[in-house]
Amino acid sequence: MALSQAEVLAGIKEIVEEVAGIPAASIEMEKNFTDDLDVDSLSMVEVVVAAEERFGVKIPDDQVSALATVGDAVNFIVKVSA
Amino acid sequence: MSRRVVVTGLGATTPVGGDVATSWSALLAGKSGVRTLTEEWAATIPVTIAGRVAVDPSEVMERVEMRRLDRSEQFALIAAREAWNDAGSPDVDLDRLGVVIASGIGGVTTLLDQYDILKTKGARFVSPHTVPMLMPNGPAANVGLELKARAGVHTPVSACASGAEAIGYAMEMIRSNRAEIIVAGGVEAAVHALPMAAFASMKALSMRNDEPARASRPYDKDRDGFVLGEGGGMLVLEELEHAKARGARIYAELAGQGLTSDGYHIAAPDPDGSGVQRAIAFALRDAGLTTRDIVHLNAHATSTPVGDIAEANALRMALGTDVDHVLVSATKSMTGHLLGGAGAIESVFIVKALQERLAPPTINIDNMDPEITINVVRDKPQALPAGDIAALNDSFGFGGHNVVLAFRSY
């Protein structure tokens with residue numbers, strides 16, 4: 001069953017808060033991981049692995065660089081969960 | 001003209017206190033920081049006691065920062081922040097600021113924890129922060145990054161002499177004009193089942209599990225090995241004129257060092273003590289001191305049956321009859337043995353001793369080993385004389401490394 005955008009966003013907020021210490025309230029769809037949330041390349045690996053585990057999806061390494069914003073990640077996960 | 005090196009800042013997190021002031025007070029009060037370990041894994045190894053830091057990093061550090069740092073790196077940042085702040089957080093030329101921080105074993109808990117993850121969950125779950133966390137230069141690198149130090153960031157490794165060697169290396173960097181000011185010290189975070197099982201397998205650790213606070217007992221007839229401790233110590237070392245120009249408070253002078261190697265055995269100290277004797281002689285010569293100037297010594301004295309005697313005999317050979325006027329403190333009786341952090345916290349303690357004119361006690365000597373004929377400070381602190389005085393810090397490491405640092409009152 002496909003995940004909803006809202007539940008994936010809620011999960012991503014929790015993961016980014018855990019990994020990067022960014023308050024969940026300030027994490028929005030249009031925020032850029034690098035420029036807005038200070039998630040560096042190493043921490044992005046942690047976000048991806050945590051998201052895979054949480055949502056039961058695969059995020060191939062060659063797709064990760066395309067996930068610039070929180071929205072990119074949320075939409076990708078919603079799509080592959082379908 | 002030769003460049004002199006002084007101490008202008010101190011920091012520490014130890015089994016007896018979360019900072020220098022608390023640690024020093026605990027030492028003067030003769031308090032042990034050794035406890036029974038409560039972790040589940042402790043039941044799987046023969047030794048169940050250790051000196052955990054008195055204040056866990058989680059009490060003074062943000063969670064997000066902590067999770068990217070090995071415990072040894074957490075200790076380094078905590079002690080370095082205190083030391084840098086103590087030095088007045090000076091605004092310095094970053095090209096002339098260095099960092100030299102050692103550890104004996106490096107990020108061993110990260111290495112082992114991530115290996116557990118590899119085995120149980122698979123390669124994809126191994127943290128991308130693993131390498132920067134386990135690398136032995138990680139503590140130095142993280143402090144260097146925080147201070148934006150650009151004169152050089154270094155990590156000498158010589159087992160339990162590492163912390164002292166780092167401080168000596170930093171002194172040479174200032175003397176040779178590579179830097180004006182350096183944060184130098186040592187850390188260790190090896191309280192984990194594997195290193196403890198390994199030290200126990202060597203029969204190096206005390207088995208006095210039922211009396212943790214009484215287990216580390218240098219010079220006592222019934223000592224049976226060292227107690228592992230964790231934590232770290234930092235000194236801000238500074239070129240004398242640089243310190244004077246900015247009006248820094250000067251605690252003491254780091255006047256010299258002596259380094260030798262035994263060429264004898266990978267783990268056992270050379271019983272004839274000639275390596276230690278030569279290191280002391282070199283340190284005195286380097287510092288322009290004579291045996292008569294030395295009034296205090298913080299011994300390596302880890303509470304092992306062979307090591308304590310070998311060192312005491314070497315002290316008598318090196319200092320002659322002047323050894324009778326040296327107040328010897330074995331602070332590992334209270335802190336346990338911090339391995340690569342030992343020489344650093346003990347240097348902090350020496351600087352405090354020179355400043356306050358007090359030699360800290362050695363606890364747990366119920367029956368002095370009759371083979372120990374040096375002047376050990378027992379149970380209560382003892383006053384050091386007024387005037388110009390000097391003190392030595394002994395640190396020795398597996399591999400036959402001997403490092404002696406000479407400090408002088410300023």
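Two strands are taken as paired if DSSP finds at least two bridges between them, and strands (E, at least two residues) and helices (H or I, at least four) are DSSP runs numbered from the N terminus. In this predicted model, local features need pLDDT of at least 70 and side-chain atom pairs count only at pLDDT 80 or more, while totals for chains, interfaces and linings use all residues. Residues are numbered from 1 along each chain as its sequence is written, and chains are lettered from A in the order in which they are written.

**The sheet of chain B**

Chain B contains an open sheet of 10 strands with mixed pairing, in the order E5-E4-E6-E7-E1-E8-E14-E13-E9-E10. Strand E5 (152-154) and strand E10 (327-329) of chain B form the edges; each has a single partner strand, so one side of each has no neighbour in the sheet. From one strand to the next the twist averages 25°. E4(B) and E6(B) run parallel and are joined by seven bridges; Ser103(B) has Val187(B) in E6(B) as its bridge partner.

**Domains and contacts**

An automatic or database domain assignment supplies the domain bounds: chain B is divided into domain 1 (5-245) and domain 2 (252-409). The C-alpha centres of these two domains of chain B lie 20 Å apart. Residues are in contact if their C-beta atoms, placed from the backbone, lie within 7 Å. The contact between the domains takes 65 residues from domain 1 of chain B and 58 residues from domain 2 of chain B. On the domain 1 side, H7(B) gives the most, with eight residues. By class, that side has 35 nonpolar, 20 polar and 10 charged residues, where Ala, Val, Leu, Ile, Met, Phe, Trp, Tyr, Cys and Pro count as nonpolar, Asp, Glu, Lys and Arg as charged, and the others, Gly among them, as polar.

Between the chains, seven residues of chain B are in contact with six residues of chain A. The chain B side of this contact has three nonpolar, two polar and two charged residues.

**Burial and cores**

A residue is buried if 20 or more other C-beta atoms lie within 10 Å of its own, exposed if 12 or fewer, and partly exposed in between. Helix H6 (residues 138-147) of chain B is mostly covered, with eight of its 10 residues buried. The cover over these buried residues of H6(B) includes helix H3 (71-86), E4, helix H5 (130-134), E5 and E6 of chain B.

A nonpolar core is a set of buried Ala, Val, Leu, Ile, Met, Phe, Trp, Tyr and Cys residues joined through C-beta atoms within 7 Å. The largest such core has 128 residues, and Val183(B) is one of those with the most contacts inside it. H14(B) gives the most to this core, with nine residues. Both domain 1 (5-245) and domain 2 (252-409) of chain B contribute residues, so the core lies between them. The residues that Val183(B) touches include Val143(B) and Leu147(B), both of which are among the buried residues of H6(B).

**Positive phi values**

Most residues other than glycine have a negative phi.

| Residue | Phi | Location |
|---|---|---|
| Ala159(B) | about 50° | loop between E5 and H7 of chain B |
| Lys148(B) | near 60° | follows H6(B) |

Ala159(B) is buried, with 21 other C-beta atoms within 10 Å. Leu339(B) also counts as buried, with 30 C-beta neighbours inside 10 Å.

Terms used
Contact = placed C-beta atoms within 7 Å. Axes fitted to C-alpha atoms, helices over the stretch in contact; angles between N-to-C directions. Lists of a residue's contacts leave out its neighbours within four places in sequence.
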